[in-house]
Amino acid sequence: MPQLAEKMTNIAQDLGSSDAVPSQPLKMTSPHPVAPHVEFWVETVPGIDSLVAIQREWDDLAANAIEQNPFYESWMLIEGVKCFGANVDLQFDLVWQRNPRPNQPPFLVGLFPLECKRSFGGVPLRLRRVWQHKYLYYCVPLVRRGVATDVLHALFDSMSHGPQRAAALELHHLDLGGPFAQTLLEVTSERAASTFTVESYNRALIRPASSFDAYINSAMTNHNRKEVRRLARRLSEIGVPEVRVLTAVDDLDTWLNHFLQMEAAGWKGRESTALASDDVSRAYFKSIAQAAFARGQLMMVGLFLNQQPIALKCNFLAGEGSFAFKIAFDEAFSRFSPGVQLELENVRLLHQMPNTKWMDSCAAQHHFMIGRIWQERRTITKVIVSTGRRFDNLAVGLLAGLSFARKAFRRTPDRCANPTLKPQGTNDE
């Protein structure tokens with residue numbers, strides 16, 4: 001086995017670098033195509049400053065993407081790069097489409113935040129990887145509706161022949177059944193490109209039913225529903241419980257400070273993983289929450305007792321979808337399961353939001369509480385896609401073969417031995 005792995009690694013190294021252009025400093029290319037007949041082209045920018053200048057075009061792209069993703073919208077991604085992108089070899093590939101009207105600016109039709117990598121799994125291979133940090137739970141790039149196929153072809157053509165030559169693109173935290181992944185499948189088929197699915201797992205999702213009662217009756221047993229009602233009655237015996245939803249006239253800072261304090265006072269604070277455990281994470285959370293609030297994309301709901309919060313939840317809205325970001329509860333009231341009670345109220349509210357068709361839990365696989373209440377699942381996948389060039393296809397194929405060989409000789413893990421094991425980049429609330 002070691003000899004096989006070494007040989008395959010050497011072959012992949014040769015193929016991944018045989019026709020690659022030597023690494024060059026990233027340069028901002030012209031936003032206009034070189035040839036007048038070119039309709040789609042890629043502009044590479046090395047930092048976030050260049051994107052701030054086109055924020056209006058960026059926001060328009062995000063609102064009209066085939067799959068809306070708040071984590072890559074301007075207000076969240078810019079802050080993420082500022083807070084967590086300092087030591088990352090990061091570039092942004094922008095895909096433009098020529099405006100059919102003479103002397104008019106082009107349309108921004110694609111935005112790909114990409115990390116430049118020189119290996120995968122210890123195998124030397126020049127590739128681009130969609131960027132992620134620890135609070136970024138969904139990594140679908142922004143691609144404009146109606147021209148998604150053209151956008152992906154332009155990106156792969158640029159990777160094949162451009163100054164930033166790469167053999168493959170690594171995409172992760174994608175919904176396998178989503179429109180972006182389906183478009184990617186069409187493009188790889190047209191280009192005869194090799195693909196390698198590295199891993200997949202199911203993540204909890206909610207799609208509202210005909211009513212909240214219908215949903216909960218299907219999701220929970222009669223015994224569990226009775227237990228939750230019993231805990232709610234017990235809580236009302238010691239005070240006045242109330243469910244509140246953040247509104248436009250509420251003091252946002254008060255809500256955010258309550259959330260940060262509550263999370264830090266619990267087990268995440270003891271393990272130094274709470275948002276308030278470091279200044280950067282605290283600043284990031286407050287900044288994106290304030291930006292989302294100003295745009296009408298922040299949803300916060302709380303369970304209060306005698307005017308004081310004992311559980312709080314933060315979600316982000318994007319078009320027809322939404323993403324559960326964080327939840328926290330006061331452990332002094334843990335015997336009343338305030339987190340479960342609040343989660344049920346979150347589901348109730350979702351059934352009262354006709355414009356929101358689904359909510360992604362962003363939760364770890366096999367999450368106990370979420371898995372009991374949230375009925376649907378979305379398959380989250382990580383895939384490596386070659387550009388379609390012959391040697392790039394062979395390199396990705398060899399990489400897949402090496403990965404399969406390693407797994408075949410690896411001892412099967414006992415998943416019961418580490419119940420907290422979760423895919424990277426998921427919300428462990």
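A salt bridge is defined here as a side-chain nitrogen of Lys or Arg within 4 Å of a carboxyl oxygen of Asp or Glu. The structure is a predicted model, in which local features require pLDDT of at least 70 and side-chain atom pairs pLDDT 80 or more, whereas totals for chains, interfaces and linings use all residues. Residues are numbered from 1 along each chain as its sequence is written, and side-chain values use heavy atoms, without hydrogens and water.

Across the whole structure, 20 salt bridges are found. One of them joins R378 and D360, with an N to O distance of 2.7 Å. R378 belongs to strand β13 (residues 376-386) and D360 to strand β12, so this pair ties together parts 18 residues apart in sequence; strands are DSSP runs of E of at least two residues, and helices runs of H or I of at least four, numbered from the N terminus. D360 also pairs with R203, the closest N and O atoms lying 2.8 Å apart. Because R203 lies in strand β7 (residues 195-206) and D360 in strand β12 (residues 359-360), the bridge connects parts 157 residues apart in sequence. Both D360 and R203 are buried (under 20% relative accessible area; exposed is over 50% and partly exposed in between, with a 1.4 Å probe and protein chains only). The relative accessible area is 0% for D360 and 6% for R378. A network of salt bridges links E67, D175, R203, D360 and R378.

E227 and R230, both in helix α8 (residues 222-236), form a further salt bridge of 2.6 Å, N to O. E227 is partly exposed at 29%, as is R230 at 32%.
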